[in-house]
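Have the structure open as you read.

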Amino acid sequence: SVQQLLDTQESVPTLINRLREYITHADMIVEYLSKRQSQPLVSQPLFEWSVDDIIIQTPCWRIETILPRVVLAQTLHQQALQQIQEGAFKDAHKTLLNVKKLHSECYKQLLCWKWKLQSLNHFSLQAKWHTSMMALTTGMEHLCTLCVGISNQSSSKVLYTISQRAMKQFGTSVAVWSSQQTSDLLQLSECLRYYYSSDILWDRGEYGGSIYRLQQWTTNKNLQFGPFGVLENEMGKIQLLLYEREQTNNG
């Protein structure tokens, strides 16, 4: 059932439910086996998965507790991106929490998998990749909170703090396991941080420093916003804001 839904993609909600059922049963099987280590197996299965056109084969039962979670996490991640694009930031935040929980569970399972063949050096079976994904997911949660704050017209100090937290998480993710998506979001959150710090300086009367930050750190950047249309609109205000501040300062 899971394989058929993965191949056809005919019903994502059904796929999510089937994966959750599969994960529950796989966990029960591994727990049952772990409590009966002295009991010999009649036969030892060879588990086989196809991930990104790469065949993964192993006799280790733990793979059945890890790869289904990876598939579910990736499916929910895509669902969160769709929710962000539609402006459902609170729903996306909840979905991202579930994604992070799945990667955390995979990480804990991999700590118990002490020895793997060299042929199993796939990213989904690396603890560092799951650590990076947890940090990426947390950073995206902060960006969802930032979008809500922008919609509610929160103060620049609040928005600065949120963007700084997002930047820290994306930096952690890149340091552990780099990806293009994480690098793009790191650059975006850095520009947002400077943007809001410029507002803080302007409110303090430090006009030169405020203008310099906009000129130096937020303009002429090839930013990739992904599904964050709210942030794209926010950054689109910078050129006009910079012009107005230069005119005010010169006056």
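Axes are lines fitted to C-alpha atoms, for helices over the stretch in contact, and angles run from 0 to 180 degrees between N-to-C directions. What you're looking at is a predicted model, in which local features need pLDDT of at least 70 and side-chain atom pairs count only at pLDDT 80 or more, while totals for chains, interfaces and linings use all residues. Residues are numbered from 1 along each chain as its sequence is written, and side-chain values use heavy atoms, with hydrogens and water left out.

Start with helix H7 (residues 180–204) and helix H10 (residues 238–250): their axes come within 13 Å and cross at roughly 25 degrees. That makes H7 roughly parallel to H10, given that angles under 35 degrees count as roughly parallel, over 145 as roughly antiparallel, 65 to 115 as roughly perpendicular and the rest as oblique. Contact here means heavy atoms within 4.5 Å. On the H7 side you'll find Tyr-195, Ser-198, Asp-199 and Trp-202, which meet Ile-238, Leu-241, Arg-245 and Thr-248 in H10.

Now turn to the partner H8 (residues 207–217). The axes of H7 and H8 come within 8 Å and cross at roughly 165 degrees. That makes H7 roughly antiparallel to H8. Among the residues making this contact are Cys-191, Tyr-194 and Leu-201 of H7, along with Ile-211, Leu-214 and Trp-217 of H8.

What about the cysteines? A disulfide is a pair of cysteine sulfur atoms within 2.5 Å, and by this rule the count comes to 0 disulfides. For Cys-60, the closest cysteine sulfur is in Cys-112, 10.0 Å away, so it's too far for a bond. The sulfur of Cys-106 also has its closest cysteine sulfur in Cys-112, but at 12 Å that's too far for a bond. Cys-106 is buried, with a relative accessible area of 1%; buried means under 20%, exposed over 50% and partly exposed in between (1.4 Å probe, protein chains only). Cys-60 is buried as well, with a relative accessible area of 18%.

Last stop: Ile-84, in helix H3 (residues 63–85). Ile-84 counts as buried, at 2% relative accessibility. Leaving out residues up to four places away in sequence, Ile-84 touches Phe-89, Ala-92, Met-140, Cys-144, Pro-227 and Phe-228.

Technical notes: Helices (H or I, at least four residues) and strands (E, at least two) are DSSP runs, numbered from the N terminus.
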